[in-house]
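Q: Hi! I'm new to this one, could you walk me through it?

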Amino acid sequence: MEPLFCSWITHHIPNWQNCIVVSPDEGGAKRSVMLANDLGLDFAMIHNRHKKTLKQITPTISRKTSVIEPERDDLTGEIVSEGDNDNLPEELRLTHKQVDMYLKISGDVAGMDCILVDDMIDTGATIRLALEVLHSHNAG
């Protein structure tokens, strides 16, 4: 299956040679490494250090005011996903401080365009969090 993806990437992503392949979680590492190797690109992976903790501390947002209800002062702050918060699943309603605390990246993505590889997207939570981590590390 990788040859199909490699062909698509080389024909549809401008300057793909200057990209880095990123796995949004540990479960997709093997798939992403294989793709990176086939393309001759570097690889990075995002680690969710405390998945259960992250779900427990996810702040709730009032649908009318879009303000965090102060449950834990140490992790409150500006919500990462600004805009239409009414339609966001609870796991996407995170502060920048929470993203920095619980989601880590191995690999240098600064200044690089990223090819984010996952097997499927259901709620979009994994991809959305991965994009926040990549953005916070100055990736394209």
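A: Happy to! A word on terms: helices (H or I, at least four residues) and strands (E, at least two) are DSSP runs, numbered from the N terminus. This is a predicted model, where local features need pLDDT of at least 70, side-chain atom pairs count only at pLDDT 80 or more, and totals for chains, interfaces and linings use all residues. Residues are numbered from 1 along each chain as its sequence is written, and side-chain values use heavy atoms, with hydrogens and water left out.

Q: Which residue does Arg-128 pair with?
A: Its partner is Glu-132, with the closest N and O atoms 2.6 Å apart. Both sit in helix α5, four residues apart, which is about one turn of the helix.

Q: Is Glu-132 buried or exposed?
A: Glu-132 is buried, because its relative accessible area is 10%; buried means under 20%, exposed over 50% and partly exposed in between (1.4 Å probe, protein chains only). Arg-128, at 26%, is partly exposed.

Q: And the other salt bridge?
A: That one joins Asp-119 and Arg-31, at 3.8 Å from N to O. Asp-119 lies in the loop between β4 (113-116) and α5 (125-136) while Arg-31 is in helix α2, so the pair ties together parts 88 residues apart in sequence. Asp-119 counts as exposed at 53% relative accessibility, and Arg-31 is partly exposed at 28%.

Q: Switching topic, what lines the second largest pocket?
A: Arg-31 and Asp-119 are in its lining, along with residues including Phe-5, Trp-8 and Leu-35. A pocket here is an open set of points on a 1 Å grid over the protein atoms alone, where a 1.4 Å probe fits, with protein on both sides within 12 Å along at least five of seven lines; lining residues have an atom within 4 Å of a point.

Q: Where does the largest share of that lining come from?
A: From α1, with three residues.

Q: Last one: how do β1 and β2 run?
A: Strand β1 (residues 19-23) and strand β2 (residues 42-48) run parallel, joined by four bridges; two strands pair if DSSP finds at least two bridges between them. Val-21 has Phe-43 in β2 as its bridge partner.

Q: Does β2 have another neighbour, and which sense is that pairing, parallel or antiparallel?
A: β2 also pairs with strand β3 (residues 103-106), in the antiparallel sense, over four bridges. There, His-47 has Lys-104 in β3 as its bridge partner.

Notes
Salt bridge = Lys/Arg side-chain N within 4 Å of Asp/Glu carboxyl O.
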